[in-house]
Amino acid sequence: METVDTETHHQVAEAFVQESGYADDERVRAIFIIGSSASGEEDTYSDVDMLIAVNTPIPDDERLERLQAIGCRNIMLAIAGVDNPALQVESQVIDKFVFRDTWFDVSCHLPHQLEFRFDYVTLVDKDDLTPRLCVPDQTYSEADLKARAQADLRLLHVRIYRYEKYIRRGEWVGLDLTALKNAIVDVVMVLNGRPNYNRYSSRISQLLRDLPVKPEHFDRDLLDILHMDNREAWSRKIEMLRRLEADLTALCEARWGPIAMFDDER
């Protein structure tokens, strides 16, 4: 994978902040680089992800005028955000555009929406909002971890049942494997002592590959489950899901003892 000089992304981001006038705008309280450009994991396919905290939303027309004035192109305003029928996100917009031949994803949030966990580089911070981006890691007891694993396994079991029900009806378009994937990944992360991982990391595949505790052939099987053509391979997919569920349950029980899947087992 070809990498990109981190400083190059940082320099382009800093130039954008200064040329756009956001640094001097009183509505703008903080600006951060986030994502792979902040963690140093960007490659030739990476965008510059930027988060802007505003105390008052900046209107679309004004943002468009600013972007055009500094030579941005391929501008798409509010691809997610308030009043967007495709994805309702309260008091948030995400703009995508090219600046100096670099793709940017810029999201605007109100300050109370900043309690996230991710890598970041602070460019502007007028109100000491940076600590909200780095929430201290929560400490879990073994009982807490077992309860979390049980909750994930129960969710996984229900989602497998739901998936099979939908495909037997032929409802391919309505299938969403996000919750199923998240439950699988979460169990593996908990087993590997990573309960505070960033679910939205753009490098989750690499992170999973490096984990020592996981079912045999986990990486390949998870990709197959997520990518196989449902209409042609659904029966194999169900078989793989059930095997993966059993393997994850066995790993959890090897660590924490019996885990009740159903409430009438208690």
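This is a predicted model: local features need pLDDT of at least 70, side-chain atom pairs count only at pLDDT 80 or more; totals for chains, interfaces and linings use all residues.
View 1. Are Phe97 and Phe104 buried or exposed? Both are buried.

**View 2. A charged side chain over a ring.** Here, look for Tyr140 and the arginine that goes with it, Arg148. Arg148 lies over the face of the Tyr140 ring, 5.4 Å from the ring centre.

**View 3. Two residues with a positive phi.** Start with Asn74, which has a positive phi of about 50 degrees even though it isn't a glycine. You'll find Asn74 in strand E3, which covers residues 73-81. How exposed is Asn74? Its relative accessibility is 44%, so Asn74 counts as partly exposed. Now move on to Asp128, another non-glycine residue with a positive phi, this time of about 55 degrees. Asp128 lies in a loop, the one between strand E6 (120-125) and helix H4 (142-169). Its relative accessible area is 57%, and because exposed means over 50%, Asp128 counts as exposed.

View 4. Asp49 is part of strand E2, made up of residues 48-54. At 22% relative accessibility, it counts as partly exposed; the cut-off for buried is under 20%. Where does Gly35 come in? Gly35 and Asp49 are 14 residues apart in sequence, yet their C-alpha atoms are 5.8 Å apart in space. Leaving out residues up to four places away in sequence, Asp49 touches Phe32, Ile33, Ile34, Gly35 and Asp105.

**View 5. Helices H7 and H8 crossing.** Helix H7 runs over residues 218-227, and helix H8 over residues 230-256. The axes of H7 and H8 come within 10 Å and cross at roughly 140 degrees. That angle makes H7 oblique to H8, because only angles over 145 degrees count as roughly antiparallel. As for handedness, the crossing of H7 and H8 is left-handed. Which residues meet here? On the H7 side they are Phe218, Asp221, Asp224, Ile225 and Leu226. Their partners in H8 are Arg236, Lys237, Met240, Leu241, Arg243 and Leu244.

How values were computed. Residues are numbered from 1 along each chain as its sequence is written. Side-chain values use heavy atoms; hydrogens and water are left out. Buried means under 20% relative accessible area, exposed over 50%, partly exposed in between (1.4 Å probe, protein chains only). A charge sits over a ring if NZ of Lys or CZ of Arg is within 6 Å of the ring centre and within 35 degrees of the ring normal. Helices (H or I, at least four residues) and strands (E, at least two) are DSSP runs, numbered from the N terminus. Contact means heavy atoms within 4.5 Å. Axes are lines fitted to C-alpha atoms, for helices over the stretch in contact, and angles run from 0 to 180 degrees between N-to-C directions. Angles under 35 degrees count as roughly parallel, over 145 as roughly antiparallel, 65 to 115 as roughly perpendicular and the rest as oblique. A crossing is left-handed if the near helix is turned anticlockwise from the far one by less than a right angle, and right-handed if clockwise.
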